[in-house]
Amino acid sequence: LILGGYDVTGPHLFTIYPHGSTDKLPYVTMGSGSLAAMSVFESQWRPGLSRDEAVEMVKDAIESGIFNDLGSGSNVDVCVITKGDVEYIRGYSQPNQRVAKEQSYRFPAGTTEFIAPKTRTPAEEATAMDRSSAYREIVGFIEQLSSSIAGKRVSSSYTVSANVQRICQLLDKAESWIIENPPDTSLSSRFGNQSFRKWEAEARRRTPQLLRDLLPESCHGAIVELTPYLTEAFGNATRIDYGSGHELSFVVWLLCLCKIGFLEPTDSAAIVLVAFQRYLAVCQNLQRTYRLEPAGSHGVWGLDDYQFLPFYFGSSQFIGSNFTPADSISPELVNKLGDDYLYLQGIRFIMEMKRGPFFEHSRQLYDISGVPRWEKVNQGLGKMYKAEVLGKFPVVQHLQFGSLFSIAS
């Protein structure tokens, strides 16, 4: 901070540093351009400068910072303090005005080649994920989606674009394949109905055409990258299981749709409350119909056998509402508002699939119900997602990386 003023003893000029020390000098500078400005003061200052000479010297000093330091702005404002008067001169000099670009730097779609995503080796994955652009992008994307639905119900008013509706239509088609591939009732096992492999094979076969129908022709080059993220979003056919890694694959698919311009920032709320909500319903139907094994489940000590993000997103929906976290495990509220809140939709599915007291089979969610505020729940689940999903090698080892979602540091 630079402090200037005039008192009974005359004019004074101080620099005040963050730790509290001060300097009183005839001329002072602070900030990223201070060294360049100081060189002007040291060469031009002399006792007895007139007002106009002092103002010109200050202008020259600030301009030296502007032209030699990227953080020093582009305009010069001057404040002249005299005995009994303060004069502000805004825009005294504008040496670096922004001008129109000489040409457009927008490149046509297809300029950058899309590449088929691939998984990394375990050694690469373990050391590179948390330092990659992919990690920063997915964390930022999920946090931005969570913020966009704070205080909103599924039935609230928000923009639902035609492209978000088309994503829901794609998911409707995927769900219809369950009817075409009914579960095999001749086999009795707690988990893993093998008919899921038929459904998954159908999904792999039809997904490229679904994406061609979904995307405008200018985006068809990205299908080679988008296909693996979508086909991996519903479960693993070999193990006949589903977990938070598959959920993450769907979110990466949504992120890639944003990066190619198919989805816009104005779609954020609808991405969660319409598209992701529809995806959640499809996945729950798959889990229910084919009895998918929970992938990497921590059992009673895990947040949920299958999903994570419905609880993170859903906790944001409750921010500012009259409902407390304790209300979230009330069967009455779950039945009444289960279609309006993703958090309750997740709780409702657990209550449908599991038997016994809630605190016994879902200890984490039961403990969360004791937190006093939804803001705290949302913050805690965000940290937990980074640690338990993005930070766990068994989850991220299956992620694939290409040009849209890159592992590059």
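Reader: How many aromatic pairs does the count come to here?

Author: In this predicted model, the count comes to 26 aromatic pairs. To sort a pair, look at the ring planes: over 60 degrees apart counts as edge-to-face. Take Phe318 and Tyr343: their ring centres sit 6.4 Å apart and the planes are at 80°, so this pair is edge-to-face.

Reader: Where do Phe318 and Tyr343 lie?

Author: Phe318 is in the loop between α10 (309-317) and α11 (331-337), while Tyr343 belongs to helix α12 (residues 342-353), so the pair ties together parts 25 residues apart in sequence.

Reader: OK, what about helix packing?

Author: Two packed helices are described by the angle between their axes and the distance between those axes.

Reader: Which residues in α4 and α9 meet?

Author: From α4 you get Gln144, Leu145 and Ser148, and they meet Ser268, Ala269, Ile271 and Val272 of α9. By class, that contact has four nonpolar, three polar and no charged residues.

Reader: And empty space, how do I read that?

Author: Rolling a probe the size of a water molecule over the atoms shows where empty space is left. Here the largest pocket has a volume of about 1,400 Å³. It has 47 lining residues, and Leu13, Pro26, Ala54, Val58 and Cys79 are the closest to its centre.

Reader: Which element gives the largest share of the lining of the largest pocket?

Author: That's α2, with eight residues.

Definitions and conventions:
Residues are numbered from 1 along each chain as its sequence is written. This is a predicted model: local features need pLDDT of at least 70, side-chain atom pairs count only at pLDDT 80 or more; totals for chains, interfaces and linings use all residues. Side-chain values use heavy atoms; hydrogens and water are left out. On a 1 Å grid over the protein atoms alone, a cavity is a set of points where a 1.4 Å probe fits but cannot get out, and a pocket is an open set with protein on both sides within 12 Å along at least five of seven lines; lining residues have an atom within 4 Å of a point. Grid points are joined across faces, edges and corners, and a volume is the space filled by probe spheres set on the points. Helices (H or I, at least four residues) and strands (E, at least two) are DSSP runs, numbered from the N terminus. Contact means heavy atoms within 4.5 Å. Ala, Val, Leu, Ile, Met, Phe, Trp, Tyr, Cys and Pro count as nonpolar, Asp, Glu, Lys and Arg as charged, and the others, Gly among them, as polar. Rings of Phe, Tyr and Trp (its six-membered ring) pair if their centres lie within 6.5 Å; planes under 30 degrees apart count as stacked, over 60 as edge-to-face and the rest as tilted.
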